[in-house]
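Open the model in your viewer and keep the selection tool at hand.

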Amino acid sequence: MISRFVRASVALSCAAAVVWAGAVPAAASSAVPASGGLVSTVVQSAAAAQAKADAAVSAAQQQAAESGAPVVVEELTSPTELTTAMPDGSTQLEQWTVPVRVPREGGWVPVDTTLQREGDWYSPAASVSGVRFSAGGSGALSQTQTASGEWISETWTHGDLPAPTIEGDTATYAEVLPGVDLKLTATASGMASVYVVKSEQAARSSELSELGVAVEGATLSTPERGLVKARAADGSSLLANQPLWWDSSGGGTFDAPGAGMPPTPVEHAVTADEVTLDVGASVDAQLKREGSVTYPIFVDPDWAPGMTASWDTDRAYPNARHLTTDPLYVGNYSTWHSDMFFRFPIGSVAGKQILNAVLGTTLTNVAACPPGPISSHYINYTSIPNPGFTWNEESAMKASGQMAWSGPMQSWTGPSTCGAKWESVGWTVTTAITTQLAASKPSVDIAFTGNNSTSRKHFAKAASLTISYNTPPSTPTGAKFSSPDRPCGTAAAPAMIGQTDVTVVVDQRDPDGGNVDVNFDLVEAANLGVVVQHTTGGLAAQGLKYGTFTGLTNGKTYAWRARGSDWLIDGVGYSPWCYFTVDTTPPAFPAVSVPSSGLTVGGTSSATITVNPSDGVDFVAYTVNAAPISEAFVFDRFASRPTCGAVLGLVHIACPSATGTVSVPFSPADSASTIWAVSYDKAGNPSVVPGQPSSEAGRRGVGVQVTASNSGAVSFAAGHVWRTQSQPSPLGASIPDSHASSPVPLTLGRDTIRTLKANPVSPGSSLLKSVLGFADPATTGLTGPDFSASSSAVSAFAGSYSVAAWLKPGASGTGTAVSMGAGSASRIAVTAGNWEFCAATSTGSSCVSAARPTGDQWVHVAGVADVVNGQLRLYLDGALAATAPRPDTAQNLGSSVVDVGVARSAGAVAARWPGQLADVAVFGGVPTSSQLAALRLGTDPAQG
């Protein structure tokens, strides 16, 4: 018969499509033809689907690890499969030979085969297959839907059908022929149709000598012995087993044969549109063989079943296919000797660590006593046959070597008494799954056989395979040193490390998701087989994992590698060896030489830095400090090895030649400035200056003081100075420029306040000097573009330049005092708590700032843009207050208008100066601190 549990190939075909939509066939990678084409496209899609499935499992594993509870992987759920991520990092895959759930409204509901009326049909409440039964009358008896959506109809050719009696999943059509009832049953995956022949007279009637099962919407054929194939017009198809029958002996019912004989083939013939059964001839054959028939008998045309993954074979009927019979038989009784088989796809767990695997089904009957043991085996094939092979086919495969059974994996005796025994049974089949995966098999066949004693058992066709597995963590990637920051070295060129304690890092991933650990092993390079230190990263989220090795010996060469673990299994492999040599001996400090004469502040010159080649110096860090050697420059420590020629803030990096020398550009930053330098070897050790504590190594370099003459560009005659304090009060319409050859007056806007008087140099003296004032237009009502002072373009800024002015912003005011260039990129300004000088760059501006004391007071503020050294310097009242890098050393200000009292954006006023100012000055070149002190006092800086 066709079981209540498994029916209709449409159901299994649909289920297979859902189950394996996200799985990669084991042989997919070898299926790509040399010419590419369609198969190549399919393989790429399968790979993408597998990646999507892996991502879903990974996400579920992470959630399970965080919550401590199992998490179902919804993306991989199907009618016959369920994947669950477990909190311990393992994954559980459950497969069924029959559908157990149905997709419904974005979720899943259990299979429900209870029949419900839908118009002229009865259909199951929840089924993965499309089946429906007639409500009586003429026309189709039943319909089954193919995977493509086409309906194949089984028609009744013996008049009108009576209205059926519905009981759960079964529709009974009484007396469809004299002495014959027809029962149609909805199953988890399709349908069953059984004729109940109630007497010998009915069995031998003419109607049953040629009982026809007619089909519409498909063409029938017999692709293999005993099978019937129905092919629809669109190419989709259903496959049916050969028709079977059994009697009532041993408790047989329309649902299943009893304790005695298995279902027996019915004599039949197949045409293009009909399967014709000869029930009488089949009964005669049984009488001849067994001597009796117990009525009623049950005839199963076995139409619309599914090719399922469980079947049995029987020596008594060596050519019978029991692909869809339920229950399955195993063991011996009289002339019968049966083996039963279950097939499950296992390609989706290829490459996994199988922790446990259990095959479960239900014992329905102990049919012969005493009950002897049965044992489980797995089968190795040279080529995998279709499921449902016969006894003779099984015997032939054994004889030819195509089929080889393993030794017994697990033996089981079960109940000691005969009769119905509905109980769950499970066999551990871990060995079978592991062995078949190792042999790259896409599926596993589990066989069960009895010993030679009389013992026969029945098992439900519905079975499950539960596999607990774990995916080994991936090989670690991105191996490097974290402290110090270094790439890995090779055996021929190990990395040089200047520490006896090192921290290493790898990126560790696990396809399962969830938490992972990493084992770090340290060896001496001369003996890779002996681990001298071992440490772990700790079980935690995937990603970067760190390990620390301590107490290493100076002068030794080591190697380390890493391997992942999820505490269930080690990773698939080690990272490559990472070699390094410990060298903690610092190099000698560098020697710095500069020209002894002819140096000008702001002018371009060069210095020569020399190191000892035998020290293995890798690079030199140097900077120019606008102060005498007594004011040491403090270097920041390097987190990683900088590149040659890099500029890191105020520090420049240079790499010496093989002879130990390197020439570097510099510009004297003041009349007395200093070049500071530190050398670093390949291990990252900085030079140690004699007399300095070791903790200061690399922090304070060796310094060479540079003496230079003042720049001639810094003078009233060469620069542009608008001296308000030398002008009468009130101020006129403009302030004259001090430039000797090309003066550019500073024009005052009509709304500029010109009558304020103060003494910036000596605020308490009675001497009054003129200054410019600016008030808030929101409170004074003064508006318009004239609320400022500005010059025509000045062009003294082809390289370095400076800006200066006396400023009094008010107690809490903010704004721009003097600005030049597009968008006021170069400017002197005050922020909420700082004085600020900014210089134009190719992308905007860079700035240097220093703290501004609270209170309303005058301060002389000067900013210097040192193009050669790449520095911005801020001077307050003639003293250097702060230095900052100017990253864009090639950017010149060029020809610019000088704006006083405002900052502009896109030509419009963006901010106003909130106070008073005096004596605005701009110079080309670099002024010294003494020149700025002279300018502060109102004298020509050329005299400073």
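Start by selecting strand 32, which gives 3 residues, the largest share, to the lining of the largest cavity. Note that this is a predicted model.

Now show the whole lining: Ile 379, Tyr 381, Ile 384, Gln 436, Lys 441, Ser 443, Val 444 and Asp 445. The elements that give two or more residues to this lining are strand 28 (374–381) and strand 32 (443–450). Coloured by class, the lining shows 4 nonpolar, 2 polar and 2 charged residues. The space inside the largest cavity is about 60 Å³. Over the whole structure, a search finds 5 cavities of 30 Å³ or more.

Next, select His 652, in strand 49 (residues 651–654). His 652 has a relative accessible area of 16%, and is counted as buried because that value is under 20%. Display its surroundings: leaving out residues up to four places away in sequence, His 652 touches Val 620, Ala 621, Tyr 622, Ala 646, Val 647 and Asn 869.

Last, select helix 9, residues 929–936. Which of its residues are buried? They are Gln 931, Leu 932, Ala 934 and Leu 935. These residues lie on the same side of helix 9, because they cover an arc of only 155° around the axis. Finish at Gly 938, which follows helix 9 and has a positive phi, near 90°.

Terms used. Residues numbered from 1 in each chain as written. Predicted model: local features only at pLDDT ≥ 70, side-chain atom pairs only at ≥ 80, totals over all residues. Heavy atoms only, no water. Buried < 20%, exposed > 50% of the residue type's maximum accessible area, 1.4 Å probe, protein only. Helix = DSSP H or I, 4+ residues; strand = E, 2+ residues; numbered from the N terminus. Arc of directions from axis to C-beta. Contact = heavy atoms within 4.5 Å. 1 Å grid on protein atoms, 1.4 Å probe; cavity = no way out; pocket = protein on both sides within 12 Å on 5 of 7 lines; lining within 4 Å. Points joined across faces, edges and corners; volume = space filled by probe spheres on them. Nonpolar A, V, L, I, M, F, W, Y, C, P; charged D, E, K, R; others polar.
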